[in-house]
Amino acid sequence: MRRILVIGIGAGNPEHLTLQAVTALAQVDVFFVIDKGDAKADLVRLRREIVERHATRKSYRWAEVEDPVRDRTTPAYSAAVAEWRSRRTDAFERLLADDLGEDECGAILVWGDPTLYDGTIDVLRAVLARGHVAFDYEVIPGISSVSALAASHRVPLNRVGRGVQITTGRLLSEGFPEDVDDVVVMLDGRLAFRQVDQDDVEIFWGAYVGTPDELLVSGAVGAVADEIERRRAEARERKGWIMDTYLLRRRTR
Ligand SMILES: C[S@@+](CC[C@H](N)C(=O)[O-])C[C@H]1O[C@@H](n2cnc3c(N)ncnc32)[C@H](O)[C@@H]1O
């Protein structure tokens, strides 16, 4: 039976690889690389470095899958995501059938933790549901950018006995969630924090967290929003890509 390991590799710091992940890397015959285009070449490079350091089976090989591009211009968000998922499922199905032998072990190295805002598990489940390629899969957790962000700022994610919500920039732009005071925002290309209460909400922002390029800014949103916007734009211009996450903490109530 084909085996797939979905391995969380942390969000940029090679030291964030767990011992379980290191053990898993040593079992792999084929590493599947998901090509997200030139802008993310740094991320592909980190994956290769991790493999070269920890994969002890010297006969391992690489297989590349091109990640289909999602149409981000259409207002029909759900339809565009469904169409993109279907093309992604096609690509993975072909890859698993053609590049992984019946008794081999393949691995997909996932940024951060595979269970948080990552489509790999869903796409594998979709391939299995089609019933054309049989395989078993295992998920190895990784340190998410959320954990890395909180650690770099040296703050807990939640306050005592309270909840915390993880959401996206798109959802935050519809309003600060009603029933929580602590919100982690990912995938925000639109600076949605500008729309929250500027005095009452504190922000703990981080970009490239865990890497040598790490940027951290914290304070009342109104006091630091311009600085975050400026540093974000400069870094994005310099590196060609940016990944940032932030914790918003409502001060009162
Ligand atoms: C597709 S999600 C992947 C999340 C990943 N599975 C995780 O556990 O962190 C990509 C988002 O994660 C966040 N992210 C990932 N790596 C990051 C890093 N090193 N620093 C800051 N944010 C990061 C950003 O919000 C980015 O838009």
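**Terms and the values behind them**

Modeller: Aspartate 181 has a relative accessibility of 8% and counts as buried. Please keep in mind that the model is predicted.

Biologist: Why is aspartate 181 called buried?

Modeller: Buried means under 20% relative accessible area. Aspartate 181 is at 8%, so the word applies.

Biologist: What makes the contact of aspartate 181 with arginine 162 a salt bridge?

Modeller: A salt bridge requires a side-chain nitrogen of Lys or Arg within 4 Å of a carboxyl oxygen of Asp or Glu. The N to O distance between the side chains of arginine 162 and aspartate 181 is 2.7 Å, and the pair therefore qualifies. The two residues are 19 apart: aspartate 181 is in the loop between α6 and β7, and arginine 162 is in the loop between α5 and β6.

Biologist: What makes aspartate 182 and arginine 249 a salt bridge?

Modeller: Their side chains meet at 2.4 Å, N to O, and the cut-off is 4 Å. Aspartate 182 belongs to strand β7 and arginine 249 to strand β10, so the pair ties together parts that are 67 residues apart in sequence.

Biologist: How do you know whether aspartate 182 and arginine 249 are buried or exposed?

Modeller: The limit for buried is under 20%. Aspartate 182 has a relative accessible area of 0% and is therefore buried. Arginine 249, at 8%, counts as buried too.

Biologist: Which class do arginine 194 and glutamate 229 fall into?

Modeller: Arginine 194 has a relative accessible area of 33%, so it is partly exposed. Glutamate 229, with 32%, is partly exposed as well. Their side chains meet in a salt bridge at 2.7 Å, N to O. This pair links distant parts of the chain, with arginine 194 in the loop between β7 and β8 and glutamate 229 in helix α7, 35 residues apart.

Biologist: How many salt bridges are found in the whole structure?

Modeller: The search finds 18. Asp90, Glu93 and Arg130 are linked in a network of salt bridges.

Biologist: Which residues come nearest to the ligand?

Modeller: Of the 16 residues around the ligand, Ala11, Leu116, Ser145, Asp244 and Thr245 come nearest. The shell consists of nine nonpolar, five polar and two charged residues.

Biologist: Why is threonine 245 called buried?

Modeller: Its relative accessibility is 7%, and the limit is under 20%, so threonine 245 counts as buried. Threonine 245 lies in strand β10, and among the residues that it touches are Ser145, Leu149 and Phe204.

Technical notes. Residues are numbered from 1 along each chain as its sequence is written. This is a predicted model: local features need pLDDT of at least 70, side-chain atom pairs count only at pLDDT 80 or more; totals for chains, interfaces and linings use all residues. Side-chain values use heavy atoms; hydrogens and water are left out. A residue is near a molecule or strand if one of its heavy atoms lies within 4 Å of it. Ala, Val, Leu, Ile, Met, Phe, Trp, Tyr, Cys and Pro count as nonpolar, Asp, Glu, Lys and Arg as charged, and the others, Gly among them, as polar. Helices (H or I, at least four residues) and strands (E, at least two) are DSSP runs, numbered from the N terminus. Buried means under 20% relative accessible area, exposed over 50%, partly exposed in between (1.4 Å probe, protein chains only). Contact means heavy atoms within 4.5 Å. Lists of a residue's contacts leave out its neighbours within four places in sequence.
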